Amino acid sequence: MKYCVIGAGGTGGCIAAYMARAGKDVTVIARGEHLAQIRAQGIRLETVKGTEMVSPITVYEMREYTNQLAQRSAGGPDVIFVCVKGYSLEDVVPFIKEVSKKETIVIPILNLYGTGAKLQKMLPELLVTDGCIYIAAQIREPGTIRMNGTIFRIVYGVRDPDELRRELFIVAEDLRQSGIEAVLSENIRRDALQKFSYVSPMAAAGLYFHANAARFQMTGDERDTFAALVKEIDKLAEAMGISFQVDIVRNNLAILDALSPEASTSMQRDIAAGKPSEIDGLIFEVLRMADRYGVELPVYQKIAKELESYNV
């Protein structure tokens, strides 16, 4: 199986590094100084267990990768992991169309709920699954990714059971051989919303309190607010006909407590740096969903009102 990972940030960079370390045929798409450093030295992974260099890693800019495929008359990747921010999703569609073959499977790994269905409409000739990831990681400096926890799990699956392919089982095995926990979901709509029930409340509460994980790992208003937001996502899920198979508050608090105390969300970091962020999809889209399903979410409404100025 030939893999292409679009995006070399905390999500895509870790996927590519782990798969390259295991000897899988993986190419990562990056840009700028981050690309230059990866090309020169590989990816430096800083983990709670120590630091290691993963090299060599095949890395290209989008145009370079397209040209390489054309020059070698090589077929496109079997699997494309899309690991970009939600606001960049449409920007990568032309590239995916250009490098894919008809059998290519696209697995989006984004923070936002419903990304797979949205991307499928833009790529009607390909199979696009839904997917999500459990990881706390970010670029610390060009060529270096810091992992702020031990959880590394990818969950993906088809929305229509008739679209299930043998290759999706091979993907799971390749990920497991790479040291990544892989779950080929039988109910990706539920499982993707379950992940969203963590990342959305954490982003909302993290920005509202301007706090990192340490504040939420202690008893107090921050932790109580996070739990209240999770309960509201559970309420929304019930209105959508989705039933989580776990105690979602306890489950998400356990994920939170496993983080390094200094961990924060990518949305917080982007806003602090003055960059575009996923605040609309992570917070304000929740209220639009609540309107569609006739659900009142008072804590989300309170926080959204307070954070309106960031939604630009």
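Predicted model: local features only at pLDDT ≥ 70, side-chain atom pairs only at ≥ 80, totals over all residues.
Trainee: What makes α9 and α10 oblique to each other?
Mentor: The axes of α9 (residues 221-239) and α10 (residues 248-257) come within 9 Å and cross at roughly 135°. Axes are lines fitted to C-alpha atoms, for helices over the stretch in contact, with angles from 0 to 180 degrees between N-to-C directions. Angles under 35 degrees count as roughly parallel, over 145 as roughly antiparallel and 65 to 115 as roughly perpendicular, and the rest are oblique. The pair α9 and α10 is therefore oblique.

Trainee: Which residues make the contact of α9 with α10?
Mentor: On α9 they are R223, F226, A227, V230, K231 and D234, and on α10 they are I248, V249, N252, L253, L256 and D257. Contact means heavy atoms within 4.5 Å. By class, these residues comprise seven nonpolar, one polar and four charged. Nonpolar covers Ala, Val, Leu, Ile, Met, Phe, Trp, Tyr, Cys and Pro; charged covers Asp, Glu, Lys and Arg; the others, Gly among them, are polar.

Trainee: What makes α12 and α13 oblique, and what is the hand of their crossing?
Mentor: For α12 (residues 279-293) and α13 (residues 298-306), the axes come within 10 Å and cross at roughly 130°. These two helices are therefore oblique to each other. The crossing in which α12 passes α13 is left-handed. L282, I283, F284, V286 and L287 of α12 meet Y300, Q301 and A304 of α13, and this contact divides into seven nonpolar, one polar and no charged residues.

Trainee: How do α7 and α9 cross?
Mentor: Their axes come within 9 Å and cross at roughly 145°, and the crossing is right-handed. The residues of α7 in this contact include L193, F196 and F209, which meet a set in α9 that includes F226, L229 and I233. The contact has 13 nonpolar, two polar and two charged residues.

Trainee: How do you know that β12 and β13 pair?
Mentor: Two strands pair if DSSP finds at least two bridges between them. Helices (H or I, at least four residues) and strands (E, at least two) are DSSP runs numbered from the N terminus.

Trainee: What makes β9 and β13 edge strands?
Mentor: Three strands form an open, mixed sheet in the order β9-β12-β13. Strands β9 (130-134) and β13 (181-184) each pair on one side only. From one strand to the next, the twist averages 15°.

Trainee: Why are β5 and β8 placed at the edges of the six-stranded sheet?
Mentor: The order of this open, parallel sheet is β5-β2-β1-β6-β7-β8. Each of β5 (58-60) and β8 (127-128) has a single partner strand, so one side of each lacks a neighbour in the sheet. Further in, β1 (residues 2-6) and β6 (residues 79-82) run parallel and are joined by four bridges, with I6 opposite V82 of β6. Helix α3 (residues 62-71) packs on the sheet against β1, β2 (25-29) and β5, at about 115° to the direction of β5.

Trainee: How do you know that R140 and E46 form a salt bridge?
Mentor: A salt bridge needs a side-chain nitrogen of Lys or Arg within 4 Å of a carboxyl oxygen of Asp or Glu. The N to O distance between R140 and E46 is 2.8 Å, so the pair qualifies. R140 lies in β10 (residues 137-141) and E46 in β3 (residues 43-47), 94 residues apart. The structure holds 17 salt bridges.

Trainee: What makes the peptide bond from S55 to P56 cis?
Mentor: Its omega is near 0°. P56 lies in the loop between β4 (50-54) and β5.

How values were computed. Residues numbered from 1 in each chain as written. Heavy atoms only, no water. Left-handed = near helix turned anticlockwise from the far one by under 90°.
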